[in-house]
Amino acid sequence: MPPTSTADAEPMLAVDPAALRRALRRAAPTFDRAALLAHEVEGRLLERLQLMRVDPARILVVDARGGAGGRALSKRFPKAEKVQVDPAPAMVRQARKRRGWHRRQRFCAAWSGALPFPAGTFDLVWSNLGLPWANDLDAVLGELHRVLAPEGLVLFSSLGPDTLAELRAALPAGYSRAPDMPVFLDMHDVGDALSRTGFEGVVMENETLTVTYPDLRTLLADGRATASGALLANRPRGLLTPRRLAALEAALPREDGLLPARFEVVYGHAWRPERAGVAADASGTARIGLDQIGRASGTR
């Protein structure tokens with residue numbers, strides 16, 4: 001669900017939550033085998049985590065999918081309690097089934113923008129490639145901020161606007177009116193959203209990862225197997241005909257005979273301050289009540 005509430009971003013196209021949940025349900029048996037990009041990004045997130053001095057007692061994994069992230073975090077922090085959530089019950093069942101010997105884990109079905117946990121519950125919140133499907137990024141980040149304990153860390157990956165640029169450019173070759181594709185937020189917009197929702201110490205970076213496919217049909221099948229297919233509310237409701245498929249494939253560039261699919265991967269982390277600050281609204285305005293104004297240290 002591409003984010004819509006970033007102050008200076010263009011209006012984004014909404015993902016249909018029911019379509020996303022159906023796609024996740026269908027992809028649940030195949031996700032861990034097919035999600036090569038997600039596994040690669042997960043490894044890079046873990047490398048970043050190793051550079052941080054954290055020893056969380058409670059970890060929340062949002063948009064957990066098949067549970068690979070939770071299993072990796074169990075190896076890194078074996079004594080920590082882990083909770084994995086995903087909006088699709090089928091994914092939750094897969095994650096629970098594959099938890100192995102890591103027993104300090106709990107699982108539940110929930111959207112990342114409406115988490116069923118008290119405020120200040122977790123010391124680390126982890127999200128691997130779940131934020132691109134959030135219709136309201138500020139609401140999701142605000143919820144992650146709420147469930148984090150003071151001095152807690154959020155560590156995540158997302159997708160940037162250059163993702164699948166080749167496919168986006170090829171669409172007019174197959175359609176008289178090209179269907180819309182999700183438009184993902186620039187990393188600077190995501191960083192601004194983190195600051196607006198009360199996080200501090202925001203760090204953002206990006207890189208481009210390329211996955212190659214023998215043909216377009218295989219690329220699209222990979223998208224379905226990882227619940228990344230047609231999810232927009234205004235998506236076309238017809239079949240992709242052989243003629244249209246051939247026209248799209250002819251318009252795509254090839255490298256050494258293969259179709260390159262480039263993904264702009266965005267990484268970010270931020271901290272919930274020890275004392276909660278005042279989050280700004282979408283206009284950048286922060287409103288402070290009289291009860292939030294304290295005396296300066298050392299004054300009487």
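Q: What should I know about the model and its numbering?
A: The model is predicted, so local features need pLDDT of at least 70 and side-chain atom pairs count only at pLDDT 80 or more, while totals for chains, interfaces and linings use all residues. Residues are numbered from 1 along each chain as its sequence is written, and side-chain values use heavy atoms, with hydrogens and water left out.

Q: OK, what is the strand order in the open sheet?
A: The 7 strands run E3-E2-E1-E4-E5-E7-E6 with mixed pairing, where strands are DSSP runs of at least two residues (E) and helices are runs of at least four (H or I), numbered from the N terminus, and pairing takes at least two DSSP bridges.

Q: And which strands stand at the edges?
A: Strand E3 (105–109) and strand E6 (200–213) do, each with a single partner strand, so one side of each has no neighbour in the sheet.

Q: Switching to helix H10, which residues are buried?
A: In H10 (residues 242–251), Leu-245, Leu-248 and Glu-249 are buried, whereas Arg-243 and Ala-250 on the other side are exposed; buried means under 20% relative accessible area, exposed over 50% and partly exposed in between, with a 1.4 Å probe and protein chains only.

Q: What covers those buried residues?
A: The cover includes helix H7 (165–170), helix H9 (216–225) and strand E7 (259–271), with contact meaning heavy atoms within 4.5 Å.

Q: Last one: which residues of H3 and H4 make the contact?
A: His-39, Glu-42, Leu-46, Leu-49 and Gln-50 of H3 meet Ala-68, Gly-69, Ala-72, Leu-73 and Arg-76 of H4.
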